[in-house]
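Please look over the sequence and the fold before turning to the points below.

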Amino acid sequence: MNDYRRIADRIAADIASGRLRAGQQLPPQRAFARRHGLAPSTAGRVYAELVRRGLVVGEVGRGTFVRAAAPDGQPGRALTEAAGDEPVNLELNYPYLPGQSEMLSPALASLARSDALGGALRPASVAGTPAAREAVAGLLAQGGVRAEPERILFTGNARQAIAATLVSLVRPGGRVGVETLTYPLVKEIGTRLGRTLVPLAMDEEGPRPDALAAAHRAAPLSALYLQPTLHNPTTLTTSASRRAELANVIHRLGIPVIEDRIWSFLRPSAEAGAPPLAALAPDLVHLVDGLSKRVAPGLTVGFVVVPGDRTEAVARAIRSGGWSAGAFALEAAVRWIGDGTVERLVAAKRRDAARRRRLVAEELDGFAVRSDPSSYFAWWELPAPWRADTFAAAARERGIAVTPGTAFAVGPGGAPGAVRLGLGSAPEPELARALSVLAAVARGGRAAGSGSARW
């Protein structure tokens, strides 16, 4: 019988020589056993030995991958071991600034008074309160949206607003047009609720109007979900001319739209140079926004501006899903908007995003990275031979979580060889170190040579 340790030694030698590169996937154990004439149990012992030596990492549901070496070539500890073994999470993207609590607390202190707290503890209507509607209408006006207060409905967060609006527009089995790369939550909603997502081809200007028309001709679309400003994950902002073209097609075909504006606060309308779709097609566009990015995820509110004849349908969906906003959060939002706290936070977060984007430019210089200067995330097209899943696995081995492009991809096309980096959650020093380590991992994979072991 073959000695499994000798086989593990040969694989280890190929890893050391670069014939097997960091992040490269080994075949499934059964395929490895057949190829080498081994019993499946022996193949399992080989793989277990490689894991024990720290040479590979097993990913449940994904496979076994060659482990990334430390940047200096020595067996490395996770990036954040000294900080308590917690990973640097570049998947989550909720910007929270130092000193932000102090900015938010005065409004909460006034809300905690017994005369104000009584109302804040009562159930909230999906229509919110007159004060909340006026406050949000004023907030949206700063982004070029003229929302009539009576058309604003409230949810616990923007994700719930997206879900409720989709439910109200699209029946099970219905088709929803989305960008070829889209928000993973929308993919999850589509799967759970039986809605079919239809990818719409994009170019450097945004979603292509001809692709939208062709998809609708193939089978009618019940709705569209689009992110025209700071598209997640690519950071693309659709041009003004393309928005006008899309609005014309949307009007001609009569397709309802969900416009996700959650990141738009980072690019004021004067900088973006493009009106929201909701301003171009107010009779068809449902505009979704919220406070989780502007303020904080722990106490937030989502809202949707609906066409006049759609108010009750969306309100029913919000109530049936249990997605109504909490009265306490609504009252806090009114105070934060009214006293200028949200405006000050937005200004500070724009500056913070710009600093973090400069870190990306410095640490990932020479790589193909797309990131708007005002964005809190970046889209990294990886160098060969990396694939998104293997790079994400290698990053995890260094204590860094990134989102592979497959999480955003819609349709049967090839998975993008890219990862999204969320820049907003990690403290700046941790972000800089994480970006430096990721650059070293990427260069190591690229420089590992062209040889390939047949395993």
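A residue is called buried when its relative accessible area is under 20%, exposed when over 50% and partly exposed in between, with a 1.4 Å probe and protein chains only. The model is predicted, so local features need pLDDT of at least 70 and side-chain atom pairs count only at pLDDT 80 or more, while totals for chains, interfaces and linings use all residues. Residues are numbered from 1 along each chain as its sequence is written, and side-chain values use heavy atoms, with hydrogens and water left out.

**Burial of α7**
- 9 of the 12 residues of α7 are buried, so this helix is largely enclosed by the rest of the structure.
- The buried residues are Ala158, Ala161, Ile162, Ala163, Ala164, Thr165, Leu166, Ser168 and Leu169.

**α6 with α14**
- The axes (lines fitted to C-alpha atoms over the stretch in contact, with angles from 0 to 180 degrees between N-to-C directions) of α6 (residues 130–141) and α14 (residues 327–338) come within 9 Å and cross at roughly 45 degrees.
- In contact, meaning heavy atoms within 4.5 Å, Ala131, Ala132, Ala135, Val136 and Leu139 of α6 meet Leu330, Val334 and Ile337 of α14.
- By class, this contact of α6 with α14 has 8 nonpolar, no polar and no charged residues.

**α2 with α3**
- Helix α2 (residues 29–36) packs against helix α3 (residues 40–52) at an angle of about 115 degrees, the axes being 8 Å apart.
- On the α2 side Gln29, Arg30, Phe32 and Ala33 meet Pro40, Ala43, Gly44, Val46 and Tyr47 in α3.

Note on methods:
Helix = DSSP H or I, 4+ residues; strand = E, 2+ residues; numbered from the N terminus. Nonpolar A, V, L, I, M, F, W, Y, C, P; charged D, E, K, R; others polar.
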